Every structure is written in structure tokens, then in C-alpha cells.
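Please consult the structure below before reading the notes.

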Amino acid sequence: MAFASMAAVAATATARPSSITLLTRRRPRSIFVPLAFSSFSSSLKTRKLVLYSKPGCCLCDGLKEKLQAAFLLSGPHSLHDVDLQVRDITSNPEWERAYQYEIPVLAKVLSDGTEETLPRLSPRLGVELIHKKIVAALSQ
């Protein structure tokens, strides 16, 4: 009896790979398209931030790292939909004049395309606190 059950297990074990192979050869009837890539997502409101920075600025690099970590946090107030654009002030004389002594400067882009400078965020702050401050600034 033990021999018969072992033979049955062996028969089903050899039968499974062929059934899996058949399943993987079929074309799917519908293709899953993530919401971010669907046409519906263009109607969703994307939140945008701009970080004014320059190469060799250790405060800028520190804040960039903290912002990237804050954007990865999940929860009810996630920042996954926030688009962060990093601008090098040395590439634009107007930005350099405006921000040369202030960087890193974080601004939110308003619905009309204008920018509102946010209160300074120290790169020494914890990721959770930076996350909380950005959520509060974006909800205003």
C-alpha cells in the first residue's frame, strides 16, 4: 500500500510540470495595467515638489537622502504620488541668485504652476518627522 501511494505521488509530481508549462504558454486574456500607467491616472492630481540644490552641497545631499526615504514610507499619508524634481542652481543664473545662500530649498508646485517655498527642513531631522512636515505642507 505504501508503494502504491508513492507511485501516485510520483505520477502527480511528474504531471504537474507539464500542466504548469501549458499554463505559462497561454496568452493572458486581460493584461493588468498599474494605475500609474493607465489613462485614468492622468486625471489624478499629482503633487509636485522642487528641491533646489547644487553639487557638493552636503546639506542638500543629506536632505535628498531623507526625502527619498520619506517617500518610501507607507501608510495612510504616503508620499508615493509626489513627484520630486531636483534642480541644480548652478545651471540657471536666476536660481543661483535666488538660492545661493539658502540651499537646500524645498518648494511645492501649486496648481497654477507657481512655487511656494516651504519652511526649511534640516537634514538632521528624522525621516518620520520630515515625512510628517511634508504631508502637512502638501495638505495646505
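The notes that follow treat cysteines, a strand with its aromatic neighbours, and a helix pair.

The model is predicted. It holds one disulfide, and the aromatic rings give two pairs. Helices α2 and α4 pack against each other at about 75°.

**Cysteines**

- A disulfide is a covalent bond between the sulfur atoms of two cysteines.
- In this model C57 and C60 form the disulfide, with their sulfur atoms 2.4 Å apart.
- The link of C57 and C60 is right-handed, with 70° about the S-S bond.
- Both C57 and C60 are buried.
- C58 has its closest cysteine sulfur in C57, at 6.0 Å, which is too far for a bond, because a disulfide requires sulfur atoms within 2.5 Å.
- C58 is exposed, its relative accessible area being 63%.

- S53 belongs to strand β1, which covers residues 47–53.
- With a relative accessible area of 3%, S53 is buried.
- Leaving aside residues up to four places away in sequence, S53 touches C60, K64, V86, R87, D88, I89 and I103. C60, one of these contacts, is also a partner in the disulfide.
- The count of aromatic pairs is two. In the pair of Y52 and W95, the ring centres are 5.7 Å apart and the planes stand at 70°, so the arrangement is edge-to-face.
- Y52 is in strand β1 and W95 is in helix α3 (residues 93–99), so this pair ties together parts that are 43 residues apart in sequence.
- Y52 is buried at a relative accessible area of 2%, whereas W95 counts as partly exposed at 21% relative accessibility.
- Y52, W95 and Y99 are linked by ring pairs into a cluster.

**Packing of helices α2 and α4**

- Two packed helices are described by the angle between their axes and the distance between the axes.
- For helix α2 (residues 58–72) and helix α4 (residues 127–139), the angle is about 75° and the axes are 9 Å apart.
- Helices α2 and α4 are therefore roughly perpendicular to each other, because angles of 65 to 115 degrees fall in that class.
- On the α2 side, L63, K66, L67, A69, A70 and F71 take part, and they meet V127, I130, H131 and I134 in α4.
- By class, eight nonpolar, one polar and one charged residues make up the contact of α2 with α4.

Methods. Residues are numbered from 1 along each chain as its sequence is written. This is a predicted model: local features need pLDDT of at least 70, side-chain atom pairs count only at pLDDT 80 or more; totals for chains, interfaces and linings use all residues. Side-chain values use heavy atoms; hydrogens and water are left out. Buried means under 20% relative accessible area, exposed over 50%, partly exposed in between (1.4 Å probe, protein chains only). Helices (H or I, at least four residues) and strands (E, at least two) are DSSP runs, numbered from the N terminus. Contact means heavy atoms within 4.5 Å. Rings of Phe, Tyr and Trp (its six-membered ring) pair if their centres lie within 6.5 Å; planes under 30 degrees apart count as stacked, over 60 as edge-to-face and the rest as tilted. Axes are lines fitted to C-alpha atoms, for helices over the stretch in contact, and angles run from 0 to 180 degrees between N-to-C directions. Angles under 35 degrees count as roughly parallel, over 145 as roughly antiparallel, 65 to 115 as roughly perpendicular and the rest as oblique. Ala, Val, Leu, Ile, Met, Phe, Trp, Tyr, Cys and Pro count as nonpolar, Asp, Glu, Lys and Arg as charged, and the others, Gly among them, as polar.
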